[in-house]
Amino acid sequence: YVGTLDKAVQDITLATGQPPLLVCHSMGGLVARAWVAADQANLAKVHHVATIASPHHGTRVGTWLEHPSWLKNAIQMRHASQWLKRLAERESPTSLGKFTCFYSNCDNIVTPASSARLNGADNRLSPGVPHVAMALHSGIMQQCLAMLKQKVD
């Protein structure tokens, strides 16, 4: 999905003349990280990156099933997967300062909850909100909109 995200960033920037704010739910946060890791210059193309309930360190959901998913993205999102480890190795520690990670202690998909946090990012707890509900949570959306008002670096 890195190519798709790159095209979307280009299109939005061309249409608005402004670097976009990326608001990424779940696997979308991993796509944003992979896009930045592919070319560190990409980080300058966005205002900020907000991830919501993204399994940055993977998730344990599904690993205990009798028949866990063998889809490529499901394997990549397994807790402490090799793909996630390689992604972290390609990231610049300073790049994560442009990330805000929203996570919940009641996420029923990203487990453990600490998996949705990134060292070096602005990590924000949204207590009591389940995984899908986080995508439309008014408090999270208000915080994301407030990011647009912040000065572009």
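## Cysteines

Cys24 has a relative accessibility of 8% and therefore counts as buried. The model is a predicted one. Cys106, at 40% relative accessibility, counts as partly exposed.

A disulfide is a covalent bond between the sulfur atoms of two cysteines. With sulfur atoms required to lie within 2.5 Å of each other, the count comes to 0 disulfides. Cys24 is in no disulfide, and the nearest cysteine sulfur, which belongs to Cys144, is 9.3 Å away.

## Packing of H2 and H4

Two packed helices are described by the angle between their axes and the distance between the axes. For helix H2 (residues 27–38) and helix H4 (residues 82–90), the axes come within 9 Å and cross at roughly 45°. H2 and H4 are therefore oblique to each other, and their crossing is left-handed.

On the H2 side, the contact is made by Leu30, Arg33, Ala34, Ala37 and Ala38. H4 contributes Trp83, Leu84, Leu87, Ala88 and Arg90. Sorted by class, the contact of H2 with H4 has 8 nonpolar residues, 2 charged residues and no polar ones.

Ala53 is found in the loop between strand E2 (48–52) and helix H3 (72–76). Its relative accessibility is 0%, so Ala53 counts as buried.

Leaving aside neighbours within four places in sequence, Ala53 is in contact with His25, Ser26, Phe102, Asp107, Val110, His131 and Met134. Ala53 and Gly29 are 24 residues apart in sequence, with a C-alpha to C-alpha distance of 8.2 Å.

Technical notes: Residues are numbered from 1 along each chain as its sequence is written. This is a predicted model: local features need pLDDT of at least 70, side-chain atom pairs count only at pLDDT 80 or more; totals for chains, interfaces and linings use all residues. Side-chain values use heavy atoms; hydrogens and water are left out. Axes are lines fitted to C-alpha atoms, for helices over the stretch in contact, and angles run from 0 to 180 degrees between N-to-C directions. Helices (H or I, at least four residues) and strands (E, at least two) are DSSP runs, numbered from the N terminus. Angles under 35 degrees count as roughly parallel, over 145 as roughly antiparallel, 65 to 115 as roughly perpendicular and the rest as oblique. A crossing is left-handed if the near helix is turned anticlockwise from the far one by less than a right angle, and right-handed if clockwise. Contact means heavy atoms within 4.5 Å. Ala, Val, Leu, Ile, Met, Phe, Trp, Tyr, Cys and Pro count as nonpolar, Asp, Glu, Lys and Arg as charged, and the others, Gly among them, as polar. Buried means under 20% relative accessible area, exposed over 50%, partly exposed in between (1.4 Å probe, protein chains only).
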